[in-house]
Amino acid sequence: MANVTDLQTKYSKLAQEYSKLRAQNQVLKKGVVDEQANSASFKEQLKQRDQSLRKQEQEMDSLSFRNQQLAKRVELLQEELASKADSPSQHGLETQSVFDEDLQKKIEENERLHIQFYEADEQHRRQEAELMTRLQELEKESEQHQAVVDGLTAKYMETIGRLQSDKARLEVKAQTLEREAKECRMRTEECQQQLRRCQSELNRQVKQSSSVIQEKVPFNDTKFGDYNSLNVPPHNRRHQLKARDLSGQALSFIQDLVAALLNFHSYTEQRVHIYPLDSSIEPISPLNQKFSQYLHENAAYVRPLEDSCLQLHQSITEDTVTVLETVVKLKSFADNFSSYTHFLQKILPYQLKSLEEECDTPLCTAALTAKNQELQSDIKRVTSVFEKLQSYIYLLSLPSVRQDAMPQSSTSAVFTQLAACLHSLHDAIKEMSKHYNQKAGLEQDLPTITQKLCTTTECLLGSLGSLTSSTGKIATFFSNNLDFFTSSGYSPRGSTVPLNPLQAESMLANKKKAAAYIHAIKKARPQSVPYKEALSNRRILTSSTESREGLTQQVHQSQEKIARLEQEKEHWLLEAQLGKVRLEKENQRIADLETQLAAALGGSPYSQPAAASTLAQSHEEAEKEQKPAGRETTLCTSLVGMLCTTPTVEHMGDEESREQLIKTHYMARVGELTTQLQISDSKAVHFHSECRALAKRLAIAEKSRETLSEEVKLANQNITRLQDELATTKRSYEDQLSMMSDHLCSMNETLSKQREEIDTLKLGSKGNAKKNKGR
């Protein structure tokens with residue numbers, strides 16, 4: 001059932017990842033559509049700019065034409081002034097001066113307009129060239145984005161197909177596991193019934209053994225402590241089943257804790273690569289590089305916790321005696337927990353310095369600085385609590401390593417302190433999760449926040465939530481079962497001295513030997529034969545031995561008779577064939593006679609009854625003639641070894657009738673025996689072929705079972721490999737999506753700037769056109 005739940009959780013995770021990838025794909029498609037719309041708007045703006053440029057060229061041509069007209073008019077005015085220059089009148093001089101001033105103003109204004117027009121034309125051409133180059137660059141970038149989006153879409157489709165195939169395979173596997181679970185439930189019911197029978201039998205045996213021990217055992221070793229410590233303690237099955245159940249629950253909680261720690265360290269590593277500096281844009285600081293390198297090694301310290309806890313759970317069975325002195329696998333778990341604690345101590349200064357770097361960024365507000373300082377204190381507190389836990393777990397693992405490592409009176413105190421320390425760990429992680437949530441809320445208000453950082457922060461907060469939940473479950477579980485952990489458990493009768501590791505090992509060996517001895521002496525005795533039946537069997541055996549030679553002779557005679565009967569059988573088969581041929585000839589002759597008689601009597605109307613009577617007589621005569629002919633020509637060999645012939649047609653006598661009856665009887669008996677022999681031979685051949693077929697099917701079933709077991713192993717390996725590939729693919733896709741989102745943001749900013757520039761150019765060109773028209 002645990003495998004079914006694991007498969008269901010894996011399937012739900014895969015479905016969540018599929019929905020995330022699908023949503024991100026929709027975002028990318030929307031960005032591509034926006035880019036295409038922007039490109040179309042740019043093309044439209046370029047067309048409008050071309051139209052405005054043509055209008056300005058036309059206006060320039062009209063201005064040049066007007067300038068030419070003005071130049072011609074000025075020339076005419078100059079000629080008129082030259083012709084009127086000889087007139088001495090004062091009015092002519094004044095008029096000439098007015099015309100000269102107007103002409104000078106017109107010339108200056110014309111030059112100024114020419115200069116402005118040339119400058120505006122040059123600026124327009126330069127801006128048009130820049131916009132054309134920018135448009136070409138944007139089209140290239142749009143094509144590149146479209147290619148990237150197509151590649152990502154193809155990858156997403158491949159991932160979706162692979163996930164769908166994995167889903168179908170997992171559904172098939174879930175169905176098989178459900179069938180196996182049903183079979184296991186049926187087996188469990190059968191085992192429970194057997195267990196009830198065994199319990200009743202064990203109760204009976206215990207009563208009998210206790211009475212035997214009280215009556216027969218001359219030496220009581222429970223009076224001496226050294227000897228009593230080697231005795232097998234009374235097996236408390238309820239205590240052992242409870243220990244097995246609690247170890248299974250602890251294993252599930254440790255697995256959840258390991259998964260939460262892995263996610264927390266991995267997402268912390270991703271955040272270091274994104275904030276305060278994005279490693280995809282510029283290199284991060286050496287401190288964060290070293291911190292990321294250490295965080296990348298977290299699986300080497302976290303995974304062994306789950307493996308050692310699994311080994312500890314597997315070492316606790318119903319047949320073992322579970323106390324601190326016998327739980328040897330607890331030492332490996334304590335060592336792995338100590339290595340993880342050292343890992344936390346190693347990354348602690350880098351964690352604190354990384355938070356200080358975040359505080360040193362220019363956009364870090366005072367509230368964010370305060371939250372970072374609170375997180376620093378939370379991280380220190382969590383690390384110190386892990387150090388305390390490591391100390392208590394190490395103390396609990398000492399009794400299985402050496403004798404008198406920890407007094408038994410101190411065990412309950414250690415367990416109590418361990419429970420309090422687990423609650424402290426839950427409170428510390430809960431506080432850190434709360435501060436991280438507050439910090440994420442403050443970071444949302446920053447102007448430089450990216451979608452990539454938001455996604456990573458959300459994942460980090462989710463891992464902190466699962467870490468808080470798992471630590472709370474562990475603390476509650478340990479507090480609820482503290483009475484069981486602090487109970488005395490096993491100890492030999494009448495002994496107050498705890499077991500040391502060597503005595504525990506010797507005690508378990510003695511327990512196995514005692515169980516083997518009890519099993520050996522409890523073998524069922526073979527059933528005995530009664531005395532009278534044995535005497536009768538003895539007489540029969542003696543008589544059969546004495547008459548063995550006679551039986552051997554009878555067997556030889558029977559074999560000879562069987563061979564002779566086989567020869568006679570072949571002879572009678574030939575005779576039957578000859579008789580069949582003769583019968584066919586006689587039938588043919590009778591048919592010929594009937595035709596001749598019908599031809600001879602066919603003319604008279606009253607000849608039919610006579611013909612019928614004649615035909616019946618001819619049949620009788622034919623039969624009478626056939627019988628003597630057969631007996632005269634056939635040599636009959638009887639089964640009693642006599643040769644007889646029948647030369648006459650008279651009725652058979654008593655001897656011949658008796659011989660005939662004996663012959664028919666033995667022939668029927670031989671036929672029955674032959675039939676039975678053939679049936680037995682066919683049954684033997686059939687059974688032999690069935691046995692061979694069953695043997696082949698058994699071999700094929702064994703091979704198929706081996707291949708299926710190998711396929712199951714390969715399937716489990718493929719599942720783990722696919723999970724790792726899915727995790728790496730997920731991370732790479734998240735990185736790519738964050739990069740694409742950042743790039744789209746930058747593209748939107750550049751496009752908005754270009755739109756503003758285009759709007760300003762349009763306004764400038766419209767103002768110039770209005771000025772030119774006014775002039």
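Reply:

**Contacts of helix H7**

The side chains of Glu358 and Arg271 meet in a salt bridge (3.8 Å, N to O), a term for a side-chain nitrogen of Lys or Arg within 4 Å of a carboxyl oxygen of Asp or Glu. Glu358 lies in helix H7 and Arg271 in helix H4 (residues 237–274), so the pair ties together parts that are 87 residues apart in sequence; helices here are DSSP runs (H or I, at least four residues), numbered from the N terminus. Both Glu358 and Arg271 are buried, where buried means under 20% relative accessible area, exposed over 50% and partly exposed in between, with a 1.4 Å probe and protein chains only.

This is a predicted model, in which local features need pLDDT of at least 70 and side-chain atom pairs count only at pLDDT 80 or more, while totals for chains, interfaces and linings use all residues. Residues are numbered from 1 along each chain as its sequence is written, and side-chain values use heavy atoms, with hydrogens and water left out.

A second salt bridge, at 2.9 Å from N to O, joins Asp335 and Lys331, which both lie in helix H7, four residues apart, about one turn of the helix. Asp335 is partly exposed at 38% relative accessible area, and Lys331 is partly exposed at 22%.

Helix H7 (residues 329–360) also holds Phe333 and Phe337, likewise four residues apart. Phe333 counts as buried at 10% relative accessibility, as does Phe337 at 7%.

Note on methods. Helices (H or I, at least four residues) and strands (E, at least two) are DSSP runs, numbered from the N terminus.
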